[in-house]
Amino acid sequence: MKILTKWLRAYLPGLPVDDARLAEDLTLRGIAVEGIYDLGSGNGSGNGSLFEMDITTNRVDAMNHYGVAREAAAIYGLALPVLDFALPEFRPTAKPFSVRIEAEDACGRFTARVLRGVTIGPSRDWFAGAEVATYFGLLEQKQISNAVDATNFAWIAMGQPTHVFDLDKIEGGIVVRRARKGERVKTLDGVERTLDPEDLIIADHLKPLGLAGVMGGWDSMITTETKNVLVEAAWFDPVAVRRTARRHGLHTDASHRFERGADFNAGHVASALVSSILLANGGWIEGDLVDARVPALEARTANRKPVELKLSEVRRILGATVDAEGITAATVEGVLIALGCGLATCGGAALDNAAWLVTLPSWRLDLEREIDLIEEVARVYGYNRFANTLPAFGEGVRALPWAAQESEVRRTLLAAGFHEAIGSTFCSAAEAALTAPQPGLAVPLGNPLSEEAGVLRPSPVAGMLAMIAGNLHRDVSDVRLFELGTVFSGTTEKVDERPALSFGAVGTLPEQGALHAARAIEFHDVKGVVEQVVGRFHARAVLFDHFPAEAGLTPEWLHPYRAARVVVDGMTAGWFGQLHPRVAAERKLKDPVLLGELYLDRLYKLPLRQPIAREISRFQPVRRDFSLVLDVSITWEKIDQAVAGLRIPELVEWRAREVFRDAKLGAGEYALLLGATFQAADRTLREEELQEFQSRVVEAVGKVGARLRS
Amino acid sequence: MNIEIPNLTAFDEAALDSAFVQLERQARAAAAALDNEAAVDGFKLQWLGRKQGLLNEISGRWLKAAPGEAKKLLGVRFNALKAVVETLLDEALGAGPTDAALAREAIDITLPGTRRLMGAEHPITRTLNEIVSVFAALGYSVGVGPEVETDYYNFESMNFPPGHPARDTQDTLVVAGQERRPQRDRLLMRTHTSPVQMRTMESQPPPVRIVIPGKVHRNDAADATHSPIFHQVEGLCVDTNITFSDLKGTLDHAMKVLFGSAVKTRFFPSFFPFTEPSADVQISCIFCGGKGCRKCKNSGWIELLGCGMVDPAVFAFAAEKQPAYDPKKISGFAFGMGVERIAMMKYGISEIGSLFAGDMRFLGQFA
């Protein structure tokens with residue numbers, strides 16, 4: 001919205017500040033001036049400035065020149081003249097124009113004025129200083145005809161929507177009512193509309209004329225042939241106008257204002273303003289203003305019950321000011337009276353007991369309660385005149401129950417060289433079907449951003465895959481990403497949210513240097529990361545397993561022979577592995593992608609592992625390697641379990657040091673170098689003991705099919 | 001180095017001196033040339049070897065040949081030479097490899113170091129944690145709530161009545177199939193973190209001091225500064241005697257911790273259905289210090305957050321479950337800030353979309 005300072009100064013000749021300062025003062029009081037454009041003050045023209053305003057939706061009353069002038073008057077303590085437009089005497093008529101409000105819930109007031117013998121043509125300036133041409137020129141508002149200009153002028157001046165009908169097209173009189181089923185009207189935008197029985201309309205005795213508070217009708221509009229007009233200025237209920245406008249997909253200046261609450265008492269003033277502009281081209285008024293009112297709605301707007309305001313409450317909410325004096329009774333009175341409130345003292349005599357019964361202005365439907373008045377006091381007094389104080393410290397601070405766990409998971413992945421990413425909350429239905437841990441529980445959106453984002457993600461894997469593909473398609477070949485986010489499952493009646501971790505890697509290990517060849521990331525690198533993440537938690541048992549392809553238990557997005565399930569204390573805690581080559585091909589990904597998901601809600605049920613220090617033996621450890629040959633069907637897990645089953649306390653550690661295939665071995669065989677460390681806490685191990693341990697190890701692994709390499 | 005032991009013909013003091021000085025000089029020269037472990041071993045064998053060592057040869061040849069009265073003179077000098085040789089050997093052993101030997105092991109230290117690449121925390125996580133810790137230090141606990149909310153928590157209890165025009169400003173993504181359900185139960189993607197205010201108040205009586213970080217969604221077209229997915233941090237403080245000046249002081253302090261102690265704050269009136277009075281907060285431009293620059297559109301100020309005193313209507317909704325939220329007895333303030341905007345400002349990010357694309361090159365900058 002645009003505001004001319006020249007126009008403001010016409011209302012407030014005593015404005016004591018320049019335009020820049022005025023803009024700043026208005027902005028700091030919530031009447032925000034976003035831009036100031038100098039219109040030139042040379043040649044003694046004094047055009048002043050144009051303010052580009054950004055006014056919050058609750059302050060429709062200030063979205064016009066008179067409303068802004070009222071705010072300025074309050075800031076500087078000036079008197080604002082009452083708007084009044086003198087009209088010539090009307091000619092009496094035997095038959096006053098008929099107005100009937102049938103929709104008494106939705107139309108509070110309807111004023112109608114009949115002008116006869118008017119000439120539709122270019123508008124003339126009609127009183128000294130209030131120049132349609134000048135103001136419209138500065139606002140770059142096109143002049144169209146006196147009828148259109150008059151309603152535009154009333155809108156820009158005082159924010160009151162008005163409408164002008166060709167009186168000769170109205171049959172009988174005006175009825176404000178709900179539409180009847182099947183009724184139609186062609187609106188000013190040329191659109192033929194079928195009306196809904198809920199629509200609030202202006203009709204004559206035979207037909208609909210227009211959508212009340214939204215848009216006038218085509219058939220009763222002013223043309224160059226028009227000789228007699230009816231000037232309408234009314235008050236419509238916000239909800240009724242909003243519903244009608246929405247149903248017809250319309251948003252007009254008029255609907256904007258009525259939806260947010262118009263001034264019940266502004267209609268007759270605006271009507272006079274519009275009439276005076278039209279009459280400048282000739283014509284006369286027939287009959288007195290017809291002013292139909294609905295008392296119930298008047299009581300809800302212009303005649304609201306006064307609101308009690310206590311000074312003590314003002315101070316309780318607002319607190320300390322920079323000024324030692326603080327908010328006084330005089331401050332409250334000064335502000336509220338300037339804004340158009342009526343104040344009647346009702347408190348005790350002591351200054352601190354001051355209280356008032358406040359009558360609310362008809363144009364401020366946003367003011368309803370004591371707190372609304374307190375806000376007005378703070379606003380006009382100036383927010384920045386309040387002190388900066390701190391409340392007393394409250395209770396102990398509580399972190400989220402899983403904050404420490406989440407931070408450990410994040411720390412572990414960061415240390416493993418994975419960057420944290422944030423992916424989309426949504427995915428396509430196909431992606432949901434591919435990645436959901438429980439099929440059929442994906443939740444669709446009613447108004448998705450796009451088809452690709454039609455469903456709440458049941459797994460973070462789809463988003464991870466998209467981000468990995470994005471990197472590869474941009475020729476970023478080394479990718480290591482993780483995301484900690486929410487996943488969703490359930491129905492459109494009830495949606496469950498769970499925390500989940502996704503991770504993905506392609507390319508080489510996170511090492512950068514000139515001296516060693518980069519090594520490609522493999523399944524077991526990612527498995528190592530998973531082991532480390534799970535290892536942060538205090539679990540009794542962690543294992544990795546997989547299922548035969550025909551069992552159909554492996555997620556479809558994983559390579560059936562390069563995937564593992566993570567099982568923690570008997571619960572499935574996630575899946576990871578190599579992306580299924582079919583899925584990779586569909587996404588044109590050539591390099592093998594490793595990725596996975598961990599169900600954090602399950603991990604978070606476990607406490608974090610609490611490190612417990614153990615005594616480190618002073619006695620020398622002895623390392624022994626066993627070079628084994630095995631059939632490929634014998635997995636490490638079998639060897640591991642065989643060694644563990646020995647339960648030799650002195651066998652403190654064992655692991656697979658190296659796994660390799662060798663041409664010298666039989667077909668279907670591989671070699672495994674098993675490294676074992678023996679150590680006692682209380683003595684140096686003797687050679688005979690070691691010999692015995694070794695033969696027990698050889699015997700145990702022999703039972704599961706391993707033989708010593710000779 | 002080949003060293004010959006000459007035959008001694010005279011055994012007077014002068015002749016002995018001259019012979020031993022010559023030997024000592026040779027020993028020192030030989031020791032100086034020792035440049036590796038093998039050479040040191042050779043020196044030891046050459047001089048001190050039990051059978052073929054030079055000292056053994058001297059004692060064998062010279063001592064035997066010396067007349068009785070000269071044996072003592074020769075013995076003194078022999079022992080002195082032996083001491084010198086042993087000292088030289090000790091020195092050679094202790095010195096380790098020579099410089100020349102070390103030079104052969106030279107490497108190019110200008111090659112870049114081998115780096116174990118670390119992952120980078122997401123700039124949003126980093127900013128969120130920073131904001132949360134500022135308020136934790138002021139006594140605020142952390143709360144969260146669901147991303148799929150009901151109409152009641154997201155709108156109605158935040159004082160957006162059904163049909164209220166303020167609902168238009170937040171284009172809402174809704175869960176499918178809600179049309180037949182009562183308005184208050186309809187599910188939607190929360191458009192702000194404010195519903196957690198209500199969830200928190202319903203679950204505990206005052207006092208409340210809580211910050212709520214979280215992801216929110218709006219049906220917004222994406223551009224350089226708008227994303228349908230973004231994050232907010234909400235704050236709520238409710239107690240007896242919480243005032244607007246407390247709100248000002250709290251946010252002024254928080255902004256100074258987040259952006260530097262020189263930062264100034266400025267409050268002006270705004271409108272949010274769930275607060276009254278409501279305010280927008282600007283901070284003095286962190287790029288130009290308030291002088292005016294491109295980043296602050298020459299205003300010297302940057303708009304950063306919205307806040308206000310909790311509207312009594314919101315307390316009334318909370319009081320349905322926790323009667324202690326009586327707006328006549330308690331008061332409170334709430335604030336909310338967009339995390340992306342703050343992160344973008346702090347880290348010089350120009351496209352909001354880059355925060356959600358997972359591009360390794362972008363994310364790697366925050367390691």
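Predicted model: local features only at pLDDT ≥ 70, side-chain atom pairs only at ≥ 80, totals over all residues.
Residues are numbered from 1 along each chain as its sequence is written, while chains are lettered from A and ligands numbered from 1 in the order in which they are written.

**Helix H2 of chain A**
- Helix H2 spans residues 19-27 of chain A, and its buried residues are A:Asp19, A:Leu22, A:Ala23 and A:Leu26.
- Buried means that 20 or more other C-beta atoms lie within 10 Å of a residue's own; exposed means 12 or fewer, partly exposed is in between, and C-beta atoms are placed from the backbone.
- Down the axis of H2(A), the buried residues fall within an arc of 100°, so they line one face of the helix.
- The arc is that of the directions from the helix axis to the C-beta atoms.
- A:Ala20 and A:Arg21 are exposed on the other side of H2(A).
- Helices (H or I, at least four residues) and strands (E, at least two) are DSSP runs, numbered from the N terminus.

**Domains**
- Chain A is assigned domain 1 (2-76), domain 2 (99-300), domain 3 (308-385), domain 4 (403-510 + 519-603) and domain 5 (622-708).
- The bounds come from an automatic or database domain assignment.
- Domains 1 and 3 of chain A have centres 24 Å apart, taken over C-alpha atoms.
- Their contact takes ten residues from domain 1 and eleven residues from domain 3.
- Contact requires C-beta atoms, placed from the backbone, within 7 Å.
- Chain B is assigned domain 1 (13-103) and domain 2 (123-366), with centres 88 Å apart over C-alpha atoms.

**Between the chains**
- In chain A, 77 residues are in contact with 73 residues of chain B.
- Helix H12 (residues 370-381) of chain A gives the largest share of the chain A side, six residues.
- Strand S23 (residues 511-512) of chain A pairs antiparallel with strand S1 (residues 115-116) of chain B over two bridges.
- Pairing requires at least two DSSP bridges between two strands.
- A:Gln512 has B:Arg115 as its bridge partner in S1(B).

**Sheet in chain B**
- Seven strands form an open sheet with mixed pairing, in the order S2-S5-S6-S10-S9-S8-S7 (chain B).
- Strand S2 (141-142) and strand S7 (265-272) of chain B are the edge strands, each pairing on one side only.
- Strands S6 (residues 229-239) and S10 (residues 331-338) of chain B run antiparallel, joined by eight bridges.
- B:Asp239 stands opposite B:Ser331 in S10(B).

Definitions and conventions:
Contact = placed C-beta atoms within 7 Å.
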